[in-house]
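User: Please take a close look at one part of this model, the surroundings of the ligand, and then connect that part to the rest of the chain.

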Amino acid sequence: MRNLLYPRNNKPPANLFLHLMLQDSFRHQGLRRQLVQQLRDKGIQNEAVLDAIGKIPRHFFMDNAFLEFAYQDKAFPISCGQTISQPYTVAYQSQLLDPRKGDKILEIGTGSGYQSAVLAETGAKVFSIERHKPLHENTRKLLDSLNYHSIKTFFGDGFKGLPAFAPFDKILVTCGATEIPLKLIDQLKVGGIMVIPIGPLSEQTMTTILKKPNGETEIIQLDKFRFVPMLGDKAR
Ligand code: SAH
């Protein structure tokens, strides 16, 4: 785990406000242990994912106004009308993705950066795209202040993916798509898996898509969730 008290060079950071926000108290750590237990009780078994959730101070990724709710298993608003996903949803998607050390993973929907941090803690190399510029910029600053420099973040349209960095071992979409984005399948390695919620605005079906050696895909539909929508090419 990184030195979160004085993230840079063991010296107090210049931005004292940010520094004071980034305190991880024993109380936070205790609440986090309870959250991990709740996720186990709800059926999450992937130890690397549970370890990451147990380590990462989720309250660092939330708006000041919601700090005290950070360890409830709920989604909360972040800026630009978006949400930080519910911990169970993060755990569920991460477990399906089964991130491993060295995996090259593309995430669509950086949002708060929390999901990216969970993947990075498992040793995966994370590339993440966000279409809201202010969110992209703020999250980049936060990830740097927490020493998550290895997470590469991009401002752009997730439907297009990142052809310059393809292929990816795994792709995770954290917003609800009405259909499978075919350009993302192109950017997936053979044998690779994509985890994506698919369906209308009201409800989406968590879907895994495996890319087979013959170029075909194997699609499995799982539980129902409700995500913010994956929006088209108006990156702003
Ligand atoms: N993974 C995030 C979840 C954020 S909610 C977290 O852990 O906090 C989903 C995010 O997807 C939102 O921030 C939204 O702005 C973003 N999004 C929606 N459509 C997108 C698109 N076409 N490309 C990239 N990001 C998109």
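Analyst: In this predicted model, the shell around the ligand is made up of ten nonpolar, ten polar and three charged residues. In total, 23 residues surround the ligand, and the closest are G109, G111, S112, Q115 and G158. Three elements each supply at least two residues of this shell: strand β2 (83-84), helix α5 (114-121) and strand β4 (125-130).

The largest nonpolar core contains 52 residues, of which I53, V118, I171, V173 and V195 touch the most other members. Both α5 and β4 are among the elements that give two or more residues to this core, together with α2 (26-41), α3 (47-55), α4 (87-97), β3 (104-108), β6 (168-173) and β7 (188-198). Within that group, β7 gives the most, with six residues. For V118, the contacts beyond four places in sequence are V49, A52, I53, I56, V90 and S94. One of these partners, I53, is itself listed with V118 among the core residues that touch the most other members.

Strand β4 has a further neighbour in helix α6, whose buried residues pack against β4 and β5 (152-155). Helix α6 covers residues 133-145. Its 13 residues reach 19 Å from the first C-alpha to the last, close to the 18 Å expected at 1.5 Å a residue. The buried residues of α6 are L135, H136, T139, R140 and L143. Viewed down the helix axis, these buried residues fall within an arc of 130°, and they therefore line one face of α6. The face turned away from this buried side carries the exposed residues P134 and K141. After α6 comes N147, which has a positive phi, near 65°.

For the chain as a whole, the model has seven helices and nine strands. Of its 236 residues, 40% count as buried. Among contacts with a separation of 6 or more, 53% are between residues 24 or more positions apart.

Definitions and conventions: Residues numbered from 1 in each chain as written. Predicted model: local features only at pLDDT ≥ 70, side-chain atom pairs only at ≥ 80, totals over all residues. Near = placed C-beta within 6 Å. Helix = DSSP H or I, 4+ residues; strand = E, 2+ residues; numbered from the N terminus. Nonpolar A, V, L, I, M, F, W, Y, C, P; charged D, E, K, R; others polar. Expected span 1.5 Å × (residues − 1). Buried ≥ 20, exposed ≤ 12 C-beta atoms within 10 Å, placed from the backbone. Arc of directions from axis to C-beta. Contact = placed C-beta atoms within 7 Å. Core = buried A, V, L, I, M, F, W, Y, C linked by C-beta atoms within 7 Å.
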